[in-house]
Amino acid sequence: MDTGLITTLIVVGVVVVVLVVIGIWLWVSHKSLVALQGRVDSAWSEIAEHLQQRAELIPTIVDTVRGYASHEQSVFSAVTTARSETLAAGDAVAASTAEGHMQKALKSVFAVAEHYPQLQSSQAFLELQSQLVATEDKIQSARRHYNGGVRELNTKVKSFPTSTFAKRRGVGPAPFFETAEPAAIAEPPRVQF
């Protein structure tokens, strides 16, 4: 066999192998970006679900406290506003802002409740407190899960050579679910008396 033909076949073979490896890398990168984006979207859905559960619980808490402290209208108004803001938040950035406001408002409601021993001993109020604590714990857990997925996605999107591929696919960094006041969401509001 001719050495020129063998050399040409080797070069063509190497080019084909390189193209196959690049194709496999692009396919794997695409699948991993899609999977990470799906994980982040799923985690966000979980956060939104728990925020919705808390939003449904808040009017009952406010009504219960209002029965004992009807003169605290500014506190109840702040909670209602924070609840509306939370429900209107469509993404992590808006929800982060709303979360800080919600935590402040909830702390105010429970600070008011501390002044009413009859309210603190009410079985209905104690049950609402328990439900709120459970919901807050779920929100914190979902937030950690979401932020972990965002961290992984953002690292992959910003790392070369995946960054060039991600830009072409329209995948960019996702926002973290944070707040301007990290201490506000560091732990659920203390509702035990």
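## Contact of H5 with H6

Lys 156, Val 157 and Lys 158 of H5 are in contact with Thr 162, Ser 163 and Ala 166 of H6, where contact means heavy atoms within 4.5 Å. The residues of this contact divide into two nonpolar, two polar and two charged; in this division Ala, Val, Leu, Ile, Met, Phe, Trp, Tyr, Cys and Pro count as nonpolar, Asp, Glu, Lys and Arg as charged, and the others, Gly among them, as polar. Helices here are DSSP runs (H or I, at least four residues), numbered from the N terminus.

The model is predicted: local features need pLDDT of at least 70 and side-chain atom pairs count only at pLDDT 80 or more, while totals for chains, interfaces and linings use all residues. Residues are numbered from 1 along each chain as its sequence is written, and side-chain values use heavy atoms, with hydrogens and water left out.

The axes of H5 and H6 come within 6 Å and cross at roughly 105°. H5 is therefore roughly perpendicular to H6. Axes are lines fitted to C-alpha atoms, for helices over the stretch in contact, with angles running from 0 to 180 degrees between N-to-C directions; angles under 35 degrees count as roughly parallel, over 145 as roughly antiparallel, 65 to 115 as roughly perpendicular and the rest as oblique.

## Contact of H1 with H6

H6 also meets H1: Trp 25, Leu 26, Ser 29, His 30 and Leu 33 in H1 are in contact with Thr 162, Phe 165, Ala 166 and Arg 169 in H6. Five nonpolar, three polar and one charged residue make up this contact.

The two axes come within 11 Å and cross at roughly 65°, so H1 and H6 are roughly perpendicular to each other. The crossing of H1 past H6 is right-handed, a term that applies if the near helix is turned clockwise from the far one by less than a right angle.

## Aromatic pairs

The structure holds three aromatic pairs. Rings of Phe, Tyr and Trp (its six-membered ring) pair if their centres lie within 6.5 Å, and planes under 30 degrees apart count as stacked, over 60 as edge-to-face and the rest as tilted. In the pair of Trp 44 and Phe 177 the ring centres are 5.7 Å apart and the planes stand at 85°, so the arrangement is edge-to-face. Because Trp 44 lies in helix H1 (residues 3-66) and Phe 177 in the loop between helix H6 (162-169) and helix H7 (182-185), this pair ties together parts that are 133 residues apart in sequence. Trp 44 counts as buried at 17% relative accessibility, as does Phe 177 at 1%; buried means under 20% relative accessible area, exposed over 50% and partly exposed in between (1.4 Å probe, protein chains only). Trp 44, Tyr 146 and Phe 177 form one aromatic cluster.

Phe 110 and Phe 125 form a tilted pair, 5.9 Å centre to centre with 40° between the planes. Phe 110 lies in helix H3 (residues 92-113) and Phe 125 in helix H5 (residues 123-158), so the pair ties together parts that are 15 residues apart in sequence. Both Phe 110 and Phe 125 are buried, Phe 110 with a relative accessible area of 2%.

## Separations along the chain and in space

Glu 178 is placed in the loop between H6 and H7 and is partly exposed, with a relative accessible area of 47%. Glu 178 and Ala 95 are 83 residues apart in sequence, yet 8.4 Å apart in space, C-alpha to C-alpha.

Key: Helices (H or I, at least four residues) and strands (E, at least two) are DSSP runs, numbered from the N terminus.
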